Amino acid sequence: MVTGTVTGVLAESAVSLAFGIIEAIVFASWALMFAVLLGILVTVTVMRRRRLDRLATTPPAPSTDPRLPALLAELRSSDPHFDPELLLEAAQIACLVMFAAQSTGDEQVIRHLAAPSFWRTFFGRYVRTQARDARVQRATPKDPDRASSRQARLPVDYQATAPELIGLELGPQHRACVRVSFYQLRAVVAPGARAQTAMASATSLSSLAVSFGAVVGERLSEAATGPSWLSWEGQYDLAFIRPGGSHTDPNAAVASRTCTRCGATYRSELATTCANCKASRPLPWGEWRLADLTPVE
Amino acid sequence: MAAEEKLPLTERIFYAYSGVSRWLFKRSAESRAAGSRANRNSTPWGGAITLIRVVIVLGVVLLFPVFMLPMMLARFALVGRKGLRYGASVAIVSGDAARWGRGAMPADEPVTQIRAGLAAIATRDQGFRVRVLTDWAVGVTGLLCRSVVTGDAAWARTFMANGLYRAHQALLELRDRSDVTCEGFWQAVDATVVGASRSPLVEEVRVRVTCQGWRQERHQPTGVPLRGGPDPGTWSEDLTFARAADALTPPVGGLPASRCPSCGAALELDPGGACRYCQGIVTAGRHDWVLVSWQREPW
């Protein structure tokens with residue numbers, strides 16, 4: 001009887017210890033999460049304020065490098081087929097395929113256009129993470145219960161202003177800078193889509209907490225499937241690089257429309273290989289590759 | 001999830017938690033629905049089962065940061081301080097603000113500035129006529145309508161610059177892959193120049209067209225309407241035409257007159273923008289005006 005009582009007491013204390021540990025972990029994780037979110041919020045707010053102050057006090061940088069016409073003439077003398085229009089095309093397409101990667105998860109095209117160094121930049125990492133999230137969300141689960149709760153992120157609209165070549169550097173590596181403003185709109189079709197998109201763009205602790213609560217609430221109440229919206233708008237400088245001694249192939253534009261190996265026409269603008277012979281598709285702008293993307297302050 | 005997708009451990013932990021929570025919430029909703037039917041002949045165990053369910057759901061909610069934090073910290077480590085700096089300047093917006101508050105068209109330039117821009121263009125190119133561009137903008141709007149409604153970019157080949165055409169074609173493909181369709185019919189009823197400029201490299205003219213008609217976008221698999229509706233409406237679109245700073249209006253009229261600006265033949269272009277007769281690429285803006293930007297009001 002005494003043994004039974006001791007065992008009972010031990011079991012009771014073990015259970016209470018386990019609950020204590022769980023309570024501590026839960027409390028610590030909530031506290032840490034709020035601390036991290038608060039830290040991010042404070043840092044972003046301070047940076048945003050500094051940026052606004054800087055913008056208010058300093059005049060905007062000249063948009064185009066005054067040496068550009070001379071540099072273009074120099075480049076044309078060494079590479080007679082060089083056409084700046086092709087770089088503007090590259091910029092238009094690069095912005096759109098980033099949008100494609102984020103909406104559909106298809107990274108293949110942006111990989112075809114970007115230099116390896118792009119993936120070490122902030123936007124390279126951002127696009128890769130977003131693309132992975134989109135692939136996970138779009139994958140059709142075998143379980144029909146999960147399939148019904150699948151979230152569709154739909155690429156709805158993309159608009160860009162005319163891109164502008166603003167800088168050129170000639171050296172061991174050629175570097176061209178193209179400025180473009182774009183606006184991209186995605187629809188999110190899912191139960192509780194409104195709260196989910198609000199979470200994705202939350203800028204404060206309170207808005208994040210409110211939208212998280214709304215996601216949980218809408219899931220519990222089986223909210224109807226409806227669209228919500230996510231947009232990304234801004235002006236960016238796109239840097240393109242190529243090796244210093246490169247020359248533009250005048251046939252590249254044609255080769256990007258018709259496979260040079262088998263003669264088949266590329267039917268998709270997003271194709272990176274020939275559907276017929278699997279040969280890699282050349283880019284109309286030759287060896288120029290997207291290296292970096294920076295927001296214009 | 002795609003079988004070949006290799007997710008980091010922190011992401012797998014969160015997705016596992018997310019899957020469990022989704023399953024629990026679904027079961028909870030089902031049992032609530034069943035409970036309301038069985039309410040009339042409830043058993044003594046009913047209350048206890050409900051209580052256990054509530055405790056489990058509460059537990060899942062309470063444990064949220066345990067599963068969320070590793071993923072959050074890993075992503076934060078990935079983007080670092082630069083991510084925060086860019087986060088302060090990157091404008092990602094959600095909800096109605098994303099749909100209606102963004103993508104608004106730029107304001108008109110002052111009339112004096114427009115006149116000066118047009119005069120600078122006309123001084124260099126005696127054949128330049130504003131009316132030709134505004135009339136062309138009206139025709140272009142009709143072709144853009146056909147292109148969007150049919151999902152076929154080829155309707156836009158004769159007037160879009162190569163970069164814009166590729167982007168337009170890729171967008172239509174993306175929308176098609178995602179089962180987003182557009183129905184409707186609209187046409188331009190007015191066109192006005194709202195911007196004109198000349199730089200050492202390019203000349204640009206922005207034309208604002210007033211459109212009338214209807215349009216509706218839908219996600220086909222779910223039937224969810226996305227934008228617009230069957231009711232007629234009026235809206236504006238900005239069409240920006242540009243050409244190289246040294247280009248001159250071709251003698252036979254060029255692209256606005258459906259003529260090749262290079263050889264003067266009737267306009268027939270391949271998908272790359274090359275004339276069927278002279279093989280010259282005429283949609284790069286070197287020879288003639290081409291559409292370089294198409295901006296729509298939020299709708």
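Predicted model: local features only at pLDDT ≥ 70, side-chain atom pairs only at ≥ 80, totals over all residues.
Trainee: Is B:Thr150 buried or exposed?
Mentor: B:Thr150 counts as exposed because it has 12 C-beta neighbours inside 10 Å. The cut-offs, with C-beta atoms placed from the backbone, are 20 or more other C-beta atoms within 10 Å for buried, 12 or fewer for exposed, and partly exposed in between.

Trainee: Okay, which helix does B:Thr150 lie in?
Mentor: B:Thr150 belongs to helix 6 of chain B, residues 130-150. Helices (H or I, at least four residues) and strands (E, at least two) are DSSP runs, numbered from the N terminus.

Trainee: And how far is B:Thr150 from B:Gly229?
Mentor: Their C-alpha atoms are separated by 17 Å, with the two residues 79 apart along the chain.

Trainee: What's the strand order in the open sheet of chain B?
Mentor: The order is 2-3-4-5, 4 strands with antiparallel pairing. Strands pair if DSSP finds at least two bridges between them. At the edges, pairing on one side only, are strand 2 (180-198) and strand 5 (290-296) of chain B. From one strand to the next, the twist averages 20°.

Trainee: Which strands does helix 6 of chain B touch?
Mentor: Helix 6 of chain B packs on the sheet and touches strand 2, strand 3, strand 4 (224-244) and strand 5 of chain B. Its direction makes about 160° with that of strand 2 of chain B. Axes here are lines fitted to C-alpha atoms, for helices over the stretch in contact, and angles run from 0 to 180 degrees between N-to-C directions. Contact means C-beta atoms, placed from the backbone, within 7 Å.

Trainee: How many bridges join strand 2 and strand 3 of chain B?
Mentor: There are 17 bridges, in the antiparallel sense, with strand 3 of chain B covering residues 202-219. B:Asp190 has B:Thr210 as its bridge partner, and B:Ala196 has B:Val205. These two strands of chain B form a hairpin with 3 residues between them.

Trainee: And what about strand 3 and strand 4 of chain B?
Mentor: They pair in the antiparallel sense too, over 16 bridges, with B:Glu204 opposite B:Ala242. Their hairpin has 4 residues between the strands, and B:Gly223 in the turn has a positive phi of about 75°.

Trainee: Switching topic: how is chain B divided into domains?
Mentor: Domain 1 is 9-87 and domain 2 is 105-296, with bounds from an automatic or database domain assignment. Taken over C-alpha atoms, the centres of these two domains of chain B are 50 Å apart.

Trainee: How many residues of chain A are in contact with chain B?
Mentor: On chain A, 72 residues are in contact with 71 residues of chain B. Helix 1 (residues 2-57) of chain A gives the largest share of the chain A side, 13 residues.

Trainee: Last one: how many helices and strands does chain A have?
Mentor: Chain A has 9 helices and 5 strands. Buried residues make up 35% of its 297 residues.

How values were computed: Residues numbered from 1 in each chain as written. Chains lettered and ligands numbered in written order. Contact = placed C-beta atoms within 7 Å.
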